[in-house]
Amino acid sequence: MDYEIVEKILKGEINAFELIIDKYEKMIYNLAYRMFNNEADAEDITQEVFLKIYRNIEKCEGKQSIKTWAYTITYNTCIDEIRKRKGKTNVSLDNSIEGDDNSYIFELASNEPTPENTLISKEYFKEIEDAVNKLSEVNKTLIYLRDIKGLSYNEISEIMSINIGTVKSKLNRARLALKKMFWFFSQFGTNFQKLRLNIYNIK
Amino acid sequence: MKCEKILEMFSEYLDHQLDKNDIEEFENHMNECEKCQSEFSKFEKMIIKLKSIKDFESPTDLKNKIMQKVTLEENKKLSAKIIIFKKLSLFAAALSVFFIGYNYYNQKIISKYGDEPALTSFDTYQSEMPNSRSKGISDESVINIYKDGIEVNINASDIENTKKIIESFTENILFYEESSNYLEMVVTKNEFLELNKELELNNIKISNYDANIQKIDEIISSGEISESDLILFKVSISNN
């Protein structure tokens, strides 16, 4: 149980913190990896998150598990960093903006027209994982936590600080968007910086 | 029902979040609409595919890097503490010189050992510290010392031994005089609890211990100082 480890750390046994790292390192690293799509950032974020956990460890006193709390810190740390890089504090990271005809505008991640990107042709694009990486940060987190990690709606609501109703609607849109994007990329490749797709169009 | 409405229900249907009426509505539509059936089947397959995505392994040396940072952080805290205490000890040394001098001219106070010398030294100490409760002692860190301090009476049959225990327990003694049964020290609440344990092991009793802890908790919960701040303890040791 986490509270037993936390108790030890609070008593000054720093080494007990290794047990917390063993338990949550992969989990934190992977959410950060999904958000940034690269190892270096995922590693930096993981280190930062563990320092935050250590500094605030007394907040976990008596908790059976710090899983949700650790995810929350990771999510917030990623979002703060992304906002910092984008240069604004109020920038929307939920980039599926509703158009007037139920269409969503996708600003795609990794949109640099590098030779590697041009290689991602429609033949190459077959992995659902690559489509996930193209989603907005918010949509990506929803899909990752629910469909890849199997977390409950309640846990996601806590981690992302949004109410259950919003989790339900946003998750459904994220999934529909993913489905649409996956289909689109497999047909036309991925060399697009901005897309306008109607996720409700099933004709 | 429109297909768009059904699309909005896909996730909730799949994750068993719909109520009975909505399930019925959803299934009725599905039985009639081939397009939605086919869409839902693709949707479901995609979710199953997602479940097969594996996590990445984290770098092998990441744990060491994290522990290094944590240890560094802990050492920084410790050295900040030492700097504070060094500065405090210097200040305390200056204070005791002043106090000895002061007593030299105040024979009555010295002979009447008890509360008064304590208050004298404490008042001086406070007057040296502007803003009384909180003062940046060094640039590295700021500590808060509870303004009025906590008065502690220790009942012990062996006064010398008791002083030794306290001395060995904490370096953070602000005022201490060999010949006196009175001392002042600054420790955190937790350190105070530990000191009590240590004294108890030696059958030495802090006479108003529970009331003191209650008082400390009240001060902490009022937000005046935090759990990690230092509290000034004015300790007098007496024979029981």
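1. Start with the interface in this predicted model. Putting chain B and chain A together buries about 4100 Å², and carbon and sulfur atoms give 62% of that area. On the chain B side, B:Ile53, B:Asp55 and B:Phe56 lose the most area to chain A, together 16% of what that side buries.

2. Who touches whom? In terms of contacts, 37 residues of chain B meet 41 residues of chain A. The rule also picks out 19 residue pairs in polar contact across this interface. Helices H1, H2, H4 and H5 of chain B each give two or more residues to the side touching chain A, and H4(B) gives the most, with ten. That side of chain B splits into 17 nonpolar, three polar and 17 charged residues.

3. Now the charges. Ten salt bridges cross the interface of chain B and chain A. One of them pairs A:Arg55 with B:Glu73, with the closest N and O atoms 2.6 Å apart.

4. Have a look at A:Asp22 and B:Lys63 too, a salt bridge at 2.8 Å between the closest N and O atoms. A:Asp22 sits in helix H2 of chain A and B:Lys63 in helix H5 of chain B, so this pair joins two chains. A:Asp22 is partly exposed at 47% relative accessible area, and B:Lys63 is partly exposed at 22%.

5. Salt bridges also form inside a chain. B:Glu39 pairs with B:Lys42 at 3.2 Å; both lie in helix H4 of chain B, three residues apart, about one turn. B:Glu39 is buried at 6%, while B:Lys42 is partly exposed at 45%.

Definitions and conventions:
Residues are numbered from 1 along each chain as its sequence is written. Chains are lettered from A and ligands numbered from 1 in the order in which they are written. This is a predicted model: local features need pLDDT of at least 70, side-chain atom pairs count only at pLDDT 80 or more; totals for chains, interfaces and linings use all residues. Side-chain values use heavy atoms; hydrogens and water are left out. Contact means heavy atoms within 4.5 Å. Buried area is the accessible area (1.4 Å probe) that two parts lose on being put together, summed over both. A salt bridge is a side-chain nitrogen of Lys or Arg within 4 Å of a carboxyl oxygen of Asp or Glu. A polar contact is a pair of N or O atoms within 3.5 Å; within protein, one must be able to donate a hydrogen and the other to accept it, and residues adjacent in sequence count only if both atoms are side-chain atoms. Helices (H or I, at least four residues) and strands (E, at least two) are DSSP runs, numbered from the N terminus. Ala, Val, Leu, Ile, Met, Phe, Trp, Tyr, Cys and Pro count as nonpolar, Asp, Glu, Lys and Arg as charged, and the others, Gly among them, as polar. Buried means under 20% relative accessible area, exposed over 50%, partly exposed in between (1.4 Å probe, protein chains only).
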